[in-house]
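Let's take a walk through one protein model together. Have the picture open as you read.

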Amino acid sequence: MRINKPVKLYEITEKVKKNNEFFLNLTSSGTLIRGITFGTNQSASVQSSLDLELSGHLSKDVMIKAAISDHNIPIQADGYTQRLDEFDKFYIELYNKNSYLRAGHLDLIQEQNYFANFSRKITGMKIGTRIKLTNSFTDLYALGSLSRGEFNRMKFTGIEGNQGPYKLKGKQGELFIIVLSGSEKVYMNGALLKRGEDQDYTINYNMGELTFTSKTYISSNSRIVVEYIYNTTTYTRFLLYTGGKYQSERFTFSANIFSENDTKASNQELTDKQKEVLCEAGNEIDRMYAPNAVLTEYDPNKILYKKINTGQELIYQYSTDSSEELYTLSFTYMGANKGNYKIVSLPVNGRVYEYIPPIDGILQGEYEPVTQLIPPQKTQIVSTHAEYRFNKGNLGVNLALSDHDENTFSSIGNGKNKGFASKIYLNKNMDKKYWKSNFNLSHIFIQKNFHILERINQVEFDRDFNISQEFNGINQNQLSLGWQNILYEKWKLNYTLNYLEEENFYKGYKNDIHLGYAINNTAISTNVSYLYSKQQDSIHSNFIKHISEVNQQIGKVKVGIGLKGETNKVKNNLLSKYTSSSFNWNEIYATLLTDSAKIFTQLKIYARTDDSVRISKLKNFTTSYGTIINNQLIQSQNHNLNIDFHYRKVHYSKAIYTNQKDENYLLGSIHWNKMLLKSGLALNSEYELSSGQEAQREFKYVKVTDGKGIYKWTDYNGNGIEEIDEFEVAEFSDQAQYIRVYTDNVNYLKSNNNKLLFTIHVHPSRFLNSDWWKRITLQSAFQSISSYKKKNKTVELNPFSNKDILTQTQNITTNLSFNRISVHKWTGAFQFMENNSTQFIFTGKDKRNSVNFQTLVNYKPWDLWIFSLQNNFITDKSRSQLFVTKRFTIETTAFHPSLTYEIQKNISLRALLKYQHKKNKLGNERLEWRQAGFECHWNDEKRTSLTGTFSYIKNELKGNNFSLISSQMMEGLLSGKNMIWKAYLQRELSSVFTLNIIYDGRKSEDSKTIHTGSVQIKASF
């Protein structure tokens, strides 16, 4: 083996510099780390991170703010990051009193332009300035960037009692997307929700999954709208945005240009045939599919197919025969009974598809070996806004032109790319002594080819007018006339007339009335909305919405009663029948609220009936009853108790659902903590209940840069094929070459969920008057997070239940310490740790249980000597529904003495022995582990420290020494004689720079020596 002379990676010198006044007023903080790892069993890999914050004055008038965070910068010859989008975070701003320049990762939000409002996550630069005059100012700005995602809006109805997760999709129906962090807006029944575990919902951005918390109950009546930006790398997308705004005391004028274009150079690497498909498809998405079979040489690590001619058609079949002509394929989900292939379960690393022949001409599969092609798009919008303000009123106009091409590869349909939109509005306020009034009038016209970037109306605008979506590509006119009044500061009377027309297709007239009265401790309000609409003279609808509420304050108690409902009758006059979109529901409810310094209680009781169309008539199909409690029963310095619950019962009409049983749902949480015995005993508990759905995920292992993974692959059966049961967590970094990634195939099952957390902390010295008890501390914690098959069960109250488990994680930790402070001659600790996990994955259930009893005793007979003894009794159980190789019960007894001698204050030596006896109770594997080693540590008490370890390990294994079980027992080493060693050097080169050098090695009896080294430099500023 030849080792080349190392290249000098870094050279650091210290020089005395004269202070540069340019940087005197800057404040900086952060760290920079650069490193490289290499070894005889892996390729070289780099590690890097950068965290920097900078602020202050560059000059008297120019200031700077900067934040850079990068944890994956590739080391280049010149030491710079070549692409800004490799930064986790990059932001820099230069500004003075009137101007600014911002660059890096920017959140661009435009909400002042009616027809061109948008939000984008971008990487680019924005400049702006303000020109001030005596009575006016002008703002000018321009932006150029790469767009980091695409906007999408998804609507769906909740599933009764199902808190999620709900899967978000891409614009073209993509099942696996990454949502950009913080870009989402979630609405339920028209109300904006808040993100957070203690708020309304949580979101897994990497999986694109939305889950609602116990504070927000999801029923079949929950109308959910999610607006978000998701990551798309199909094309490089450029965004240009520029404009200006002039404003004086009475007049405002603004103009903006928005341009967003995809380059035709696709990251899909389109073939000429695929480009031809896009050219011929025009704007029809259903025609944008192309075959993707590629002739490939045999590779055991790939999923390959052979081509078979059935006589009627060519099909593909999975094959591992290297003598066959083989192809790589990718499959696209087409929908149920819209494809010829289905997923077949095989224990290989990847997904396999199988051809299923049609039956009576009906397709039996869901997938096809085709690629869905995403076309490049272009969007340009020019918009203007002018407003004149007069005495207690204003008059304004918005104008916009758009040019939107859904497929720039094709000229088909380009005549429909350009569109126009306008809005004219008038507002007038009138104030009298006892009367305040506001009058508003507006007209909006949207030409059928106009392209709307994002939603411009209220979130449920389409539902309010009984149309399929906000804009349907038809010439649209909106007219709104409103009048709001306040009388004697007690009465409110508002009326709004809205007219919506879709040319030659739809007309709707909506009347909104609000009446309110409030005096002293009484409040009364009523809202009524009535819509009459007709579509193509055949579909007529009458849509009534109402809500009335009375609230009365009685001392510290507030009581209320309310009635709300909706009746939507959509009738086909040609058939004289109600359509399936007709419905009716009514809800009556009572509320109670108490709020004092120590107790808060909020109670709501409700009853609701829902009607739907059955045999062209509205008939009751469900009646539901519910109780909602939000209760803070105890609130003090030493004691807190909060209870939140939502109980709901759904009764199904037996006239419609003859076999459907009534359902009960319970959602809630209890949070309790208590301090006792002069704070010597601290108790904390959390308990939660919910229903939802559990994801049965499919995954595969993907090879990454050496040392950057988590898992290793060992070909235990010698067939050269990567099989799922041959992957395991790597014990050594040079073996960590794989990561696990989820595919877009997810199966959801209804579930009942519960969560229990309990902790206890005991400090006896706080309540026992003795110094001796200061030596004793006890800490214990239990956590259980479980998901069970729902079946027809309302809730699973028992967190310890083992019946119908889908997933479960349970951890118990107890730590009893004696003399934790090292000044005592004797110190000791007893630990009990138990971990249980059940995973619900595509190969079935995998269960793991680990129990560890550990004792640790330290004895210091002399000042410079410490004797330690650690004992462990461990039971490690593994059960797999599919894989026999993952079924074992390993019992371990470990005895681990060590002796430490502190030669000097800065030098210490440690000698250690370790004996382990392991046996697999489900097999014949037995292991005797004998280890002897030493550790030394030295530092110069200033800038340098050095640590070195060496161990000799002899493994005597009975049974199969080349299996997953034996690898688990020998902790990644081999049977026979093993040696492992490590050296770690840390050197402070200056007040700024620190150098770390790490070297690892190991040698087994019948294998080559493996060396791994890394060099890392850290700068702190």
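## A buried threonine

Thr 496 has a relative accessibility of 18%, so it counts as buried (under 20% relative accessible area; exposed is over 50%, partly exposed in between, with a 1.4 Å probe and protein chains only). You'll find Thr 496 in strand 32, residues 491–502 (strands are DSSP runs of E, at least two residues, numbered from the N terminus). Skipping neighbours within four places in sequence, Thr 496 is in contact with Ser 480, Leu 481, Gly 482, Gln 484, Lys 510, Asn 511 and Asp 512 (contact means heavy atoms within 4.5 Å).

## About the model

This is a predicted model, where local features need pLDDT of at least 70 and side-chain atom pairs count only at pLDDT 80 or more, while totals for chains, interfaces and linings use all residues. Residues are numbered from 1 along each chain as its sequence is written, and side-chain values use heavy atoms, leaving out hydrogens and water.

## Rings that pair up

Rings of Phe, Tyr and Trp (its six-membered ring) pair if their centres lie within 6.5 Å; planes under 30 degrees apart are stacked, over 60 edge-to-face, the rest tilted. That rule gives 36 aromatic pairs. One of them is stacked: Phe 331 with Tyr 353, at 4.0 Å centre to centre and 20° between the planes. Phe 331 sits in the loop between strand 21 (326–328) and strand 22 (332–333), and Tyr 353 in strand 24 (residues 352–355), so the pair ties together parts 22 residues apart in sequence. Both Phe 331 and Tyr 353 are buried.

Ring pairs also build a cluster, with Tyr 305, Tyr 318 and Tyr 333 among its members.

## Charges over rings

The charged end of Arg 130 sits over the ring of Phe 137, 4.0 Å from its centre (NZ of Lys or CZ of Arg must be within 6 Å of the ring centre and within 35 degrees of the ring normal). Lys 126 has its charged end over the ring of Tyr 141, 5.7 Å from the centre.

Definitions and conventions
Helices (H or I, at least four residues) and strands (E, at least two) are DSSP runs, numbered from the N terminus.
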